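Reader: I'm new to reading structures. Please pick one part of this one and take me through it closely.

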Amino acid sequence: MKIDCNVIKDLLPLYADDLASSESRALVDEHICSCPDCKKELEALKAGEIKSVVDSIKVDEKEAKAPIKKVKRRIALTIVIACAVSIIAGFLVFLGISRPVKTLEIIPVESEMYTQEQMDEAIAAIRADFTELEGCQLLKLKYAGDDKVRKEWDYLHGYDPDAKTVMVFNSEFRTPLFGGDDAWNHNTIYTWDWFVVEHADGTWEVVTKGYC
């Protein structure tokens with residue numbers, strides 16, 4: 001049976017490494033008896049002039065392991081960087097250079113003049129206005145009390161004579177660590193009063209704010 005040279009050449013590396021089956025070896029033996037080119041290639045394989053199957057597998061294993069080693073190095077580097085960032089962040093907090101963000105504490109105060117819903121709307125107006133103090137943290141808010149509102153009644157209605165509601169809130173906030181307004185010290189707690197009015201159209205506005 002005439003076997004194509006390409007088929008025999010595919011079998012030659014296995015034949016040279018003694019990995020071919022007995023049937024395949026028989027085919028190769030029969031073919032090279034009448035094909036000098038395939039016989040010459042087989043001799044070259046045996047002499048080591050052409051890379052054998054075993055050598056090819058070893059090289060492929062090395063090449064396959066190389067990307068895995070790179071991935072392992074990247075993972076290790078990522079872990080090291082994450083640990084370093086955590087340590088630095090903790091150290092900065094310890095030194096007071098950085099600080100965690102605190103949740104706003106709203107101190108409940110009873111009122112005979114206003115409902116809780118009205119207070120909540122006033123607080124929402126204050127929180128919206130507070131965003132203008134870039135980098136500051138609003139820590140506490142407390143309704144200043146009915147007596148304080150009665151005292152400031154005429155003053156607040158001066159901003160809007162038709163105001164439906166006027167309120168005063170006390171607050172505590174911390175200034176930013178760096179930058180921000182030069183009017184205050186950095187990383188310092190300040191206490192301000194916030195004067196809020198509800199206009200006739202139902203909208204709320206902080207009309208003024210400042211030191212208690």
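Author: Strands β3 and β4 run antiparallel, and 10 bridges join them. This is a predicted model. Let us stay with β3, which spans residues 165-174. Across from Arg174 you will find Ile189, a residue of β4.

Now turn to the other partner, β2. It also runs antiparallel to β3, and 6 bridges link the two.

How much of β3 is covered? Most of it: 8 of the 10 residues in the strand are buried. In soluble globular proteins, nonpolar side chains tend to be buried together. Here, the largest nonpolar core has 31 residues. Leu133, Met167, Phe169, Phe173 and Trp194 have the most contacts inside that core. β3 supplies at least two of its residues, and so does each of α5 (116-130), β2 (137-143), α6 (146-157), β4 (189-198) and β5 (204-211). A second, separate core has 11 residues, including Ile3, Leu11, Leu12 and Cys35.

Finish with Met167. Set aside its neighbours within four places in sequence. What does Met167 contact then? Its contacts include Tyr114, Gln118, Met119 and Ala122. Tyr143, Val149 and Leu156 are also among them.

Note on methods
Residues are numbered from 1 along each chain as its sequence is written. This is a predicted model: local features need pLDDT of at least 70, side-chain atom pairs count only at pLDDT 80 or more; totals for chains, interfaces and linings use all residues. Side-chain values use heavy atoms; hydrogens and water are left out. A nonpolar core is a set of buried Ala, Val, Leu, Ile, Met, Phe, Trp, Tyr and Cys residues joined through side-chain atoms within 4.5 Å. Buried means under 20% relative accessible area, exposed over 50%, partly exposed in between (1.4 Å probe, protein chains only). Helices (H or I, at least four residues) and strands (E, at least two) are DSSP runs, numbered from the N terminus. Contact means heavy atoms within 4.5 Å. Two strands pair if DSSP finds at least two bridges between them.
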